[in-house]
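Here are some notes on the structure shown below. Please read them with the model open beside you.

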Amino acid sequence: MNAPCSKAPTLKAPRCECGYRAADADDLFIHLAEMLLPDGDTDHNGIAHAEVARADSDSPLACLCGTTANTLTELDAHLRATLTPASEIGPDGARHALADPGAD
Ligand SMILES: [Zn+2]
Ligand SMILES: [Zn+2]
C-alpha cells in the first residue's frame, strides 16, 4: 500500500458549483457548511441540531437532537446531513456542491 507523505499533486483542487475554488477537501467542506447551513441550527422539521457542550472531556459527543457520536467527524457528518438542504441551494440562491472535476 502506498503511503505518500504529502497530498498527491495530480489531484485537482476541488471546486464548488458556485465557482469557489477550494484549496483542498477540508476547505471545500468548510465552504459548503458556511454556505448551506442555516443560521438557526434548525432543520426543516424545526429540530435544532448543534454540538452539545461537554461537561468534561470524558463526556460523549452529542447533538441537541439526542444523536450521539464517537468522534467530531461523525458529529459533523450528522450536522451536515441534517442541516444541508436537499437542493444544495444556499440562502444566496446559488447551488453549492462538489463540481465535476472534469467540467473545466
Ligand atoms: Zn442532530
Ligand atoms: Zn459554493
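1. Ala50 sits in the loop between helix H1 and strand S1 (61-62). Helices (H or I, at least four residues) and strands (E, at least two) are DSSP runs, numbered from the N terminus.

2. This is a predicted model, in which local features need pLDDT of at least 70 and side-chain atom pairs count only at pLDDT 80 or more, while totals for chains, interfaces and linings use all residues. Residues are numbered from 1 along each chain as its sequence is written, and chains are lettered from A and ligands numbered from 1 in the order in which they are written.

3. The C-alpha atoms of Ala50 and Leu64 are 5.5 Å apart, although 14 residues separate the two along the chain. Neighbours within four places in sequence aside, Ala50 is in contact (C-beta atoms, placed from the backbone, within 7 Å) with Asp41, Cys63 and Leu64.

4. In H1, the buried residues are Leu28, Leu32, Met35 and Leu36. Seen down the axis of H1, they fall within an arc of 80 degrees (taken from the directions from the helix axis to the C-beta atoms), so they line one face of the helix. Asp26, Ile30 and Glu34, on the other side of H1, are exposed.

5. Leu36 also touches Thr84, Pro85, Glu88, Gly90 and His96, not counting residues up to four places away in sequence.

Technical notes:
Buried ≥ 20, exposed ≤ 12 C-beta atoms within 10 Å, placed from the backbone. Contact = placed C-beta atoms within 7 Å.
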